[in-house]
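Take a walk through this protein model, one piece at a time. Keep the sequence beside you as you read.

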Amino acid sequence: MKRDLRAPRPPEESGAVTGTIPFVRTCGRSLAALAFLFFVLPLSGAEVENYDVIIYGGSSAGVIAAVQAAVMGKSTLLIAETPHLGGMTASGLGTADIGNAEAISGLAQKFYSYLHHYYSPGTEENAQVAAIATAMQFQLEPHVAEAVFTAMLKGAGAAWTCGERLDRSSGVMRVGNRIAQLRMKSGRIFSGRVFIDATYEGDLLATAGVHYSVGRESRAAFGESLAGVQRNPELTGEVDAYCLPQQPWSGLLPGVATLAPETDGTGDTRVQQYNFRLCLTDAPANRITITRPDHYDRSNYELLARNLQQHNDWQFTDVCKVQPLPGRKADINATGSFSTDMAGDGSWRWAEADDTERAAIQTQYRDYTQGLFWFLANDPAVPLRIRAQATQWGLAQDEFTDTGNWPWQLYVREARRMIGSYIVTQHDCDGENVVTDPVALGSYAIDSHKVTLFVDQGGALNTEGFFFHPVQPYRISYRAIVPRRDECANLLVPVCLSATHVAFNSIRMEPVFMMLGQAAGTAASLAIDQGTTVQDVNYATLARELRADGQILTWPNAEPLPPIGFRPRFARQSVRADMEP
């Protein structure tokens with residue numbers, strides 16, 4: 001059930017959707033227990049798998065939440081909806097967006113410290129705040145990241161299963177305002193006491209009936225200067241957007257919206273563009289040539305071709321952002337207006353799309369990206385120097401070996417955002433609001449990629465939606481990762497948390513997701529220990545536990561960090577780590 005932040009929320013709505021049991025809500029405890037027996041327990045004979053804490057979503061936040069809950073003594077299951085663990089950190093996002101490195105703490109710090117020890121064996125660990133940045137590795141190979149995540153799960157004693165997708169039509173079974181069981185599309189059923197939604201899409205919270213928003217708030221909604229439509233005409237130059245230059249009757253080239261966004265500051269349901277973060281290599285022995293896709297459409301790259309004609313001095317790195325990684329590899333990201341970000345409505349449709357439509361969108365992005373690199377290496381419209389440079393790069397043979405050396409996850413930069421009792425806004429990021437219940441720090445700039453390509457009334461091509469607004473480390477409230485009290489009492493949401501579009505575009509970085517995952521795993525365990533709802537977890541106890549595990553809650557940090565507490569021993573061929581619970 002979607003609820004835009006701008007729309008008033010009727011007081012009678014409780015957030016119940018498919019999979020809930022309305023009868024139970026009006027009954028007493030005894031009837032609720034009876035209803036659980038008759039309505040929730042499966043009648044088909046399917047075996048129910050029981051755990052204290054169940055995390056749905058194999059993202060970096062999901063892994064860290066599972067590690068934390070398991071370390072705190074809870075039987076824990078991580079359900080990854082993809083075939084692999086680690087989300088974008090292990091699917092091509094090889095250069096972490098860190099903001100202030102000294103604000104990265106807890107298990108996130110441990111993860112990046114493990115990587116530092118892997119790539120710099122024999123170095124001494126240092127737990128002093130001033131030296132944290134030098135003891136962490138923020139450039140990583142995807143397969144190494146996944147191996148470290150797996151080692152952390154094993155060391156903590158957490159269980160996990162991969163490739164299981166929630167039945168989003170009726171797969172959440174509730175008793176009153178609590179989730180009781182999850183049913184996967186495979187038929188497997190999992191029962192838990194506390195649940196964590198660690199997906200990039202917010203699929204669990206949506207199926208459970210928790211209210212959320214998709215898109216951008218208006219500037220007036222929260223008084224955010226960056227909110228709503230943000231025109232960026234300077235990013236496109238004088239590129240003609242019509243199929244036949246200067247001929248509007250010929251139609252617009254692919255990716256250019258036929259309906260222009262409204263005036264600046266207006267809210268809408270659009271989100272920033274997605275892409276694949278490729279892991280490429282220029283090492284001949286490890287390089288696989290990127291071939292022309294079966295569904296190649298040269299018109300997808302005509303805007304880029306026309307843009308290249310205006311920049312005779314451009315290099316390959318002016319079209320693709322190349323960020324060096326260990327192992328003679330590179331993390332490839334978008335740069336400029338025509339790059340690996342695919343313009344169009346694919347990102348706008350993703351959050352609400354079913355699994356079939358998402359698979360089609362992902363294929364569309366793959367075809368576009370594969371075609372882009374073939375275009376750059378082969379098309380006569382591309383300058384020879386760029387063609388030569390593009391030819392030097394190919395897919396890494398030792399990455400993503402079971403998916404054709406292609407990342408197994410699309411970079412979903414934002415999708416749903418929960419509407420909780422506290423909504424993080426630009427005012428939090430700018431330090432104007434200072435919350436008293438922090439569970440992690442954000443520190444990366446408020447960073448949105450472009451949202452829309454469109455032509456204005458004069459026929460000129462424009463982009464909109466891009467902004468990059470630096471911030472200082474700021475606090476993220478615990479209330480932002482829990483639903484409203486009446487909607488769900490045993491769910492935590494560390495990824496699609498309660499934030500505006502603007503604020504989310506600072507929070508959405510993988511190190512922050514890990515820290516919020518640790519907070520969610522800690523809170524889930526405390527809710528069980530205290531016999532209470534996630535909303536009523538004692539914050540003083542939560543803060544004490546987080547600090548004891550190395551999480552920094554305030555800035556500047558006024559407390560010494562505890563020792564890192566581990567000395568991982570890595571085998572260079574098969575990564576292993578010894579975790580100390």
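Strand 2 (residues 53-56) and strand 8 (residues 194-197) run parallel, joined by four bridges. Strands are DSSP runs of E with at least two residues, helices are runs of H or I with at least four, and both are numbered from the N terminus. Two strands pair if DSSP finds at least two bridges between them. Within this pair, Tyr56 stands opposite Asp197 in strand 8.

This is a predicted model, in which local features need pLDDT of at least 70 and side-chain atom pairs count only at pLDDT 80 or more, while totals for chains, interfaces and linings use all residues. Residues are numbered from 1 along each chain as its sequence is written, and side-chain values use heavy atoms, with hydrogens and water left out.

Now widen the view. Five strands make an open sheet with parallel pairing, in the order 4-3-2-8-23. Strand 4 (159-162) and strand 23 (491-492) are at the edges; each has a single partner strand, so one side of each lacks a neighbour in the sheet. Strands of a sheet pair through backbone hydrogen bonds, either parallel or antiparallel.

What lies across strand 2, strand 3 and strand 8? Helix 3 (residues 60-71) does, running at about 170° to strand 3 (76-80). Angles run from 0 to 180 degrees between N-to-C directions, and axes are lines fitted to C-alpha atoms, for helices over the stretch in contact.

A second open sheet has three strands in the order 10-19-20, and its pairing is mixed. Strand 10 (256-257) and strand 20 (461-464) stand at its edges with a single partner strand each, so one side of each has no neighbour in the sheet. Strand 19 (residues 452-455) pairs with strand 20 over four bridges, in the antiparallel sense. There, Leu453 stands opposite Thr463 in strand 20.

Next come two helices. Helix 10 (residues 355-378) packs against helix 11 (residues 384-391) at an angle of about 125°, and their axes are 6 Å apart. The two are therefore oblique to each other. Angles under 35 degrees count as roughly parallel, over 145 as roughly antiparallel, 65 to 115 as roughly perpendicular and the rest as oblique. Leu376, Ala377 and Asn378 in helix 10 meet Ile386, Arg387, Ala390 and Thr391 in helix 11. Contact here means heavy atoms within 4.5 Å.

Two local details remain. A cis peptide bond, with omega about 0°, joins Trp555 and Pro556. Pro556 lies in the segment after helix 15 (539-548). Phe400 has a positive phi, near 50°, in a residue other than glycine. Phe400 sits in the loop between strand 15 (394-396) and strand 16 (416-418).
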